[in-house]
Structure formats: C-alpha cells, structure tokens
Amino acid sequence: MSRIRGKDTLPEILVRKRLFSCGWRFRVCDKRFKGKPDIVIPKAKTIIDIRGCFWHRHGCKDSTMPKSNIAFWMEKWSKNVKRDHRNEAAWREAGWNLIIVWQCALEGAKTERTLERICANVESWAAECEAGRIRRIPHRMEVPRTVK
Ligand SMILES: [Zn+2]
C-alpha cells in the first residue's frame, strides 16, 4: 500500500522498467502478501516497497506539513506508518528480503544511482538464493534512510 495516487505512479514505473531491462521478472501488487507489495521478485526472494515521502512521512524535504486539517493528516499519516511497519514485519518474518525506496531517491540526478543500487542488490540476493544460502535475518535496504 504505497500508492501515492492511483495505481501506477512514476517511481513505481521507473523501478519496474529498470528491473525488467535487467532481466528480472516480478509480480506487481501481489495479493498473496500482506499489504499487496508493489514488486515481488521470487528469484531473489525480495519485496520492493516504494513509498511516497509525503504520505508515508519520510522526514525529508518532501514530507511537507499542510496548513490546515492538521488533525486529519496526522491521523492519516499515523495509519500509513503503522501499516508500513506491520507489512514489513510480516514480510521479514516470512524470510523475504526488503528494499524500501523512498520517492525522493527517484528524483533528478539521484535516480540513476538508486536504480543501479536496487539492481545490484537484487542480483546479489538472487545469487544467494541460487546457492541455497538461507539467511537467518533477511536483507534490508532503504534508500535513503528515514530522517528522524
Ligand atoms: Zn523522501
């Protein structure tokens, strides 16, 4: 549930296009998982969650504060953030690696570097799966990290 608005947001399309061109096949909004994650790559046992900075409160400059209806927004954000945490916990408990991509990592000059990092991680995690190496704690990557 990382919809910014509507179904196919630009950040999601960017990530999907790059994964596809790197040869990865994936499922989109997979209902079999809690929270219907944006992208599921079975071969790398990896879930990619793309989050809008405003809706999911990244804490960066894009997490702006509206001028009115503050109580309404606070409640909405709190629900989103709690849901993100619950989903993440469920995915990791089931042993899935996780890549959280904040929208601001896919803007302007940062975009290319972010897409490269995503593909590099998927590649190395898929190699681990292929080799049958089971991790006790799944991998987790977040770009960029949440600003506290
Ligand atoms: Zn951000």
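Helix 4 covers residues 110-130, and at 1.5 Å a residue its 21 residues should span 30 Å. The model described here is predicted.

- The buried residues in helix 4 are T114, L115, I118, V122 and W125.
- These residues cover an arc of only 105° around the axis, which puts them on the same side of helix 4.
- An α-helix has 3.6 residues a turn, so residues three or four places apart point the same way.
- The other side of helix 4 carries the exposed residues E112, R113, E116, A120, S124, A127 and E130.

- After helix 4 comes G132, a residue with a positive phi, near 75°.

**V15 in helix 1**

- V15 is a residue of helix 1.
- A residue is buried if 20 or more other C-beta atoms lie within 10 Å of its own; V15 counts as buried because it has 23 C-beta neighbours inside 10 Å.
- When neighbours within four places in sequence are left aside, V15 is in contact with I39, I48, I50, V101, L115 and I118.
- Of these partners, L115 and I118 are also among the buried residues of helix 4.
- Between V15 and C29 there are two distances to note: 14 residues in sequence, and 14 Å in space from C-alpha to C-alpha.

**The chain as a whole**

- The chain contains 4 helices and 5 strands.
- Along the sequence, these elements follow the pattern α-β-β-β-α-α-β-α-β.
- The radius of gyration of the chain is 15 Å, close to the 15 Å that the globule rule gives for 148 residues, so the chain is as compact as a globular protein of that length.
- Taken along the principal axes, the C-alpha atoms fill a box of roughly 55 × 35 × 25 Å.
- Of the 148 residues in the chain, 28% are buried.
- Among contacts with a separation of 6 or more, 71% are between residues 24 or more positions apart.

How values were computed:
Residues are numbered from 1 along each chain as its sequence is written. This is a predicted model: local features need pLDDT of at least 70, side-chain atom pairs count only at pLDDT 80 or more; totals for chains, interfaces and linings use all residues. Helices (H or I, at least four residues) and strands (E, at least two) are DSSP runs, numbered from the N terminus. The expected span of a helix is 1.5 Å times one less than its number of residues. A residue is buried if 20 or more other C-beta atoms lie within 10 Å of its own, exposed if 12 or fewer, and partly exposed in between; C-beta atoms are placed from the backbone. The arc is that of the directions from the helix axis to the C-beta atoms. Two residues are in contact if their C-beta atoms, placed from the backbone, lie within 7 Å. The radius of gyration is taken over C-alpha atoms; the globule rule is 2.2 Å times the number of residues to the power 0.38.
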